[in-house]
Amino acid sequence: MYITILGAGPAGLYCGLLLKKANPSHHVRILERNPPDATYGWGVVFSDRTLAAFQEADFKSYKAITSRFVLWDAIDTYYRGELIHCSGHVFAGLARKVLLTTLQERCRELGVLLAFSTEVERLESLAPADLVIAADGVNSLARRTHEAAFVPRISPGTARYIWLGADKTLDAFTFIFKESEYGLFQVHSYPFSGDRSTFIVECAEDVWRRAGLEQASEQESIVFCERLFADELRGARLYSNNSKWINFSTLKCAHWHTGNLVLLGDAAHTAHFSIGSGTKLAMEDAIALANAIEQYPDLERALTEYELTRRPIVELLQGAAAESQGYFEHTQRFTTLPSAQFSFNLLTRSKRITYDDLRLRDPRYIEWVDRSFATCGSQTEQITFAPPPVFTSLALGGLSLSNRIVTQPSAERTWTAQAGAGLEIYGPLAVSADGRATPNQPGLYDADHSATLRAQVDSLHETSIKVCAVLNHAGRRGASRAPTASASLLDRPLVTGAWPLVSASALPYTPRSQTPSELTRDAMRAVIEQFTSAASVADARGFDMLLLHMAQGYLLASFLSPLTNQRTDDFGGSLANRMRFPLEVFAAVREVWPRQKPLGVALNCHDGVKGGLTLDDAVATAASLKALGCDLIQPMAGQTTPEASLPYGKAFLAPLAERIRTEVGMVTLVGGYITTTNEANTLLAGGRADLILMTPPSSRHATPQVKG
Amino acid sequence: MRVSVGLPSTIPGCQGRVLLEWARRADAGPFSALAVLDRIVYDSYDPLIALAAVAGATTRIRLATNIIIAPIRNTTLLARSAASLQTISGGRLSLGVAIGARQEDYEATGAPFANRSRRFTEQLSELQSTWEDKRVGPSSAEFGPPRLLLGGSSDAVFGRVARYADGYMHGGGPPRAFARAADKARAAWLDLGRPGMPILWGQGYFALGGDDIIEEGHRYVRDYYSFTGPFAEKIAEGLLTTPQAIAQFLRGYADAGCGEVALFPTSAGPDQLTRLIDAVSGLASVESAAHAAEVGHPCT
């Protein structure tokens, strides 16, 4: 087979040598625009798993590569003048130049033709070949030529970064977070040879502009960075290599091959550099492609196989890279965290590593995280042993919770204390008969109901569990039948005995629902009165904490969302107008609810429907609530309308809690299908939430059973 | 976990009497249900007609569509057929519905392909209403409406399951793929305040026997899924070809909390059922047929 490879980067060279090795009768020719000794970039990083794949694919180049490797297992983080050390992460670094030289030598040894300084202007000008492999990088000529076939999508990132080298010996992957007069800068640095390190400097676009780097020359940029990181560089110099401040672009292609042309590595996909995977992915692509061609004589079948093998792996990594990129584009948001939480959040940013993973990798690091969490970062407080975050206490206003676990028995079920929890949430409780969602929903307006509640709260208070009530007015979701396990009749209107409904606007919840009437100003005052009265009852009945329900399409939430609020008065239109009534309710309840008892809000953070409420709206609403004395936010999403589509899964509400907590600086209670203490510890230790609403085993799949 | 077996109703050339004989033998075997697939433009039987015949030929075994393409059917007629089958079979039906993936099935029935997702959601609401109102279909209320389960894999599916249905039918794949989908279904279920847990079904293909049987199985799966393009090859690779593979597949699904797995044949040969009965009998992860036989036994 005649094979032409465009680009003599790691992917092209490796694929060439593997193909030739598998079948020496192949004619493999690699065309490269640059001379053999030109290289851009400094070092490349591989994980131990990738190395194992290299060992299997070609032992000779594996040996040559590994003999030149710098190995390290630690990640150092400079943050607020502290150096945080975490080990147990095995990486290998290598100069890109050494990697290329090694692969070039191996190619020559196997008889692969290497044509350097050969510019390909047009694909049509290539000599005919049975297979053309485009390993020509992110600006691939081949991909651009056949855009219609590959359907590339390029999404540019928002941060600016510059790829530099430092003549500095490092013994760890090193992150540096540096506050400057212009804003936050961060460095990703790792060793690749005994005396050189890659040194990537990154910052937000506005910081980059403020620092005047937009106009700076390459040399001026270096001087700027050397001065900024003088403390950490300790006299080491920075070097450029045709380095520019750029945005990272993520590339995805709908197809990776067309006819006899196939994309490899960066030509097909890119993943943010912060998870160090570009070269790794490219070389793994090369292995998969060479394997497929060896296995299947039919070229179309082989290229399909290559694409099917690699695509899920690449997409998984691109997902993790996107999480990591998102973190580094908004790092400023996390600088409110104490150093242990900041560091833990950084290490778990791509959501692939958990608390338990880090405990295995570095028990001392986790001990420090635990201790710091338990003492709230206080250096003076002495404790002998620190529990994991989930079993630390939390002082919330005047309320002390024994741990971070929160449970919420379903309102329809019998109320029983969930042993092990620090807080039990009861509700939603209706503030009035007309505010009920279903006929049997308990409420705090009714003397009988609240008398039973008193007994139940008292029985919980015999344990260390504190009790929180959720107050709700169901609005247009009222007068519905209760949800059942089978034959779903969710949000189905009552056949008999329905009561009139109210909402922000006169829009029915489902086509079958009763059309509510628009809440009048007088009716608003009545609703406020219902909430304050229910709050007083809750206080008298011994509840320790209160949450007001402003989510899931209920009355207060119906004001917040533009989908359900179409009012033209002072309570509709702009976000400030839409939040006006919910804020009035909150302020009134805050007046009557005792100061020392926490008052929070279950807040809708996005509708899950195009054109609906967004997380940005929720951040603004949370900030306004905070100003009125709100102690806690429980982020929720969806159910504003029945069409909502959410990315359901484990801890699906956690990103909302993290944003509210770090950006607004509020205590967050997060739910959304969290079932393990490992997930809870990962969220808590990373400063993403303060309290975890755990899903009890009864709502999970069968626990292991012992058969008799 | 319970194990069901597929009816060879979508295996080209399968004769009517073979289906009924297959059903009788499955009824006497360890299986909890007989499941059918749905294709329009393919050599195959109408799923509800096939199950109606099966209902008459069997006494114990439950019946399931895994899945039936809803938007290409008139909702009222579908509700009526399903209610009829539910009543005739003595409450043995689980109706799995989904949007389907093949445009040709829409074209063949004259149903619009555009907006199929929105229409599907409306259909779900309408199915429940029709069954509840009893305006159409048999009035006998002895068995209640059939269980409604949804297939599909988009984000929107899991919210629909929690809002309109009793559970989720996974489309096949390794246990870890099922486990991820099951978590999504449970998260949505909990989020919408549904008591209990969604019923969860898994699915796999098997071919047990010599190389010729396995080759026939691969050929069938490749052909059946040829509309997915190259992905058909991946599905064919997942074919369960040994009792060991079946045991591990079922264990993986059981550990992920699956309530019921439907194993579909890729050949209509009578030995396939015999071999499958041998393969699943006595597995620790499989619930016995006697237990599974109780109609209305709560599924998990």
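Leu19(B), Trp22(B), Ala23(B) and Ala26(B) are buried in H1(B), a residue being buried if 20 or more other C-beta atoms, placed from the backbone, lie within 10 Å of its own. Seen down the axis of H1(B), the buried residues fall within an arc of 100° and so line one face of the helix; the arc is that of the directions from the helix axis to the C-beta atoms. This is a predicted model, in which local features need pLDDT of at least 70, side-chain atom pairs count only at pLDDT 80 or more, and totals for chains, interfaces and linings use all residues. Residues are numbered from 1 along each chain as its sequence is written, while chains are lettered from A and ligands numbered from 1 in the order in which they are written.

**Helix H1 of chain B**
- Helix H1 (residues 16–28) of chain B reaches 19 Å from its first C-alpha to its last, close to the 18 Å expected for its 13 residues; the expected span is 1.5 Å times one less than the number of residues.
- The cover over the buried residues of H1(B) includes strands S1 (2–6) and S2 (33–36) and helices H2 (47–57) and H11 (270–280) of chain B.

**Chain B as a whole**
- Chain B has 12 helices and 8 strands, which are DSSP runs numbered from the N terminus (helices: H or I, at least four residues; strands: E, at least two).
- Of the 300 residues in chain B, 52% are buried.
- The C-alpha atoms of chain B fill a box of roughly 50 × 40 × 40 Å along the principal axes.

**Helix H10 of chain A**
- In H10(A), 15 of the 18 residues are buried, leaving the helix mostly covered.

Technical notes:
Buried ≥ 20, exposed ≤ 12 C-beta atoms within 10 Å, placed from the backbone. Contact = placed C-beta atoms within 7 Å.
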